[in-house]
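Okay, thanks everyone. Let me put it up on the screen.

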Amino acid sequence: SQLVPAVSELICAELMYLQYLDAKKLIYMYINSTGTTRADGETVGFETEATAIYDTMNFVANDIATVGVGVAIGQACMLLSAGKKGKRFMLPHATAMLQQPRLPPTGQRQAVEVEIRWREVLAQKKSLLNILSKTTGHSVGKLDADLQRPLYMQPKDAIEYGVIDGIVEPQKSIVGEDVANRGSGAVQNDRGPPPGAPTRGARQG
């Protein structure tokens, strides 16, 4: 989903509530988002929706593990990189992409209003670059140069760029293991005794 007010408010509230429940327990954040834009690139939210989540992630006492599933585009990719170092992951076929903040459609705004909005987008860009510099270890200058065009990353690319720390490998099929274990007698049938069988404590005649 996109980072719009309803989504960011819910995530921030959930992070605060999870801290209230247990401030020492690791929080997992699964990310599948096109950020503040739609898949076609149209802007649907303010960049501050992402920074609100980022600030809350840093405010709570819990360590936060981030896992990229599907896509993490723009500001969503920034949040992926903002997890606890060593606890940032992607699934094998997930995609991450960094891009500059985009100016929303100006419509019938006056020229001075467009200029004001442009200055705000520029400020948000500087904020994004500063955050990414902290989370990835790259200089602001390098990040600015790399983000002149959309920077797509597969999991291995994201590791090299410092966005994540590892790739989540799929576990073995639980169903397959279950069938194999039942065949060897390693798994007991939890469905209970068949109809007519004596129950525990009952005496056979």
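So, who does Lys-125 touch once you leave aside its neighbours within four places in sequence? Those contacts are Gln-100, Pro-101, Asp-144 and Gln-148. And keep in mind, folks, this is a predicted model. Lys-125 sits in helix α4, residues 111-136. Its relative accessibility comes out at 16%, so Lys-125 counts as buried, the cut-off being under 20%.

Staying with α4, let's look at its packing against α2, which is residues 48-59. For a pair of packed helices, you quote the angle between the axes and the distance between them. Here the axes come within 11 Å and cross at roughly 35°, and the crossing is left-handed. On the α2 side we've got Thr-48, Thr-51 and Tyr-54, and they meet Gln-124, Ser-127, Ile-131 and Lys-134 in α4. By class, that contact has two nonpolar, four polar and one charged residues.

Of its 16 lining residues, Asn-58, Ala-82, Gly-83, Lys-84 and Lys-85 are the closest to its centre. Our helix pair is back here: α2 and α4 are the elements giving two or more residues to this lining, with α2 giving the most, three.

Conventions. Residues are numbered from 1 along each chain as its sequence is written. This is a predicted model: local features need pLDDT of at least 70, side-chain atom pairs count only at pLDDT 80 or more; totals for chains, interfaces and linings use all residues. Side-chain values use heavy atoms; hydrogens and water are left out. Helices (H or I, at least four residues) and strands (E, at least two) are DSSP runs, numbered from the N terminus. Buried means under 20% relative accessible area, exposed over 50%, partly exposed in between (1.4 Å probe, protein chains only). Contact means heavy atoms within 4.5 Å. Axes are lines fitted to C-alpha atoms, for helices over the stretch in contact, and angles run from 0 to 180 degrees between N-to-C directions. A crossing is left-handed if the near helix is turned anticlockwise from the far one by less than a right angle, and right-handed if clockwise. Ala, Val, Leu, Ile, Met, Phe, Trp, Tyr, Cys and Pro count as nonpolar, Asp, Glu, Lys and Arg as charged, and the others, Gly among them, as polar. On a 1 Å grid over the protein atoms alone, a cavity is a set of points where a 1.4 Å probe fits but cannot get out, and a pocket is an open set with protein on both sides within 12 Å along at least five of seven lines; lining residues have an atom within 4 Å of a point.
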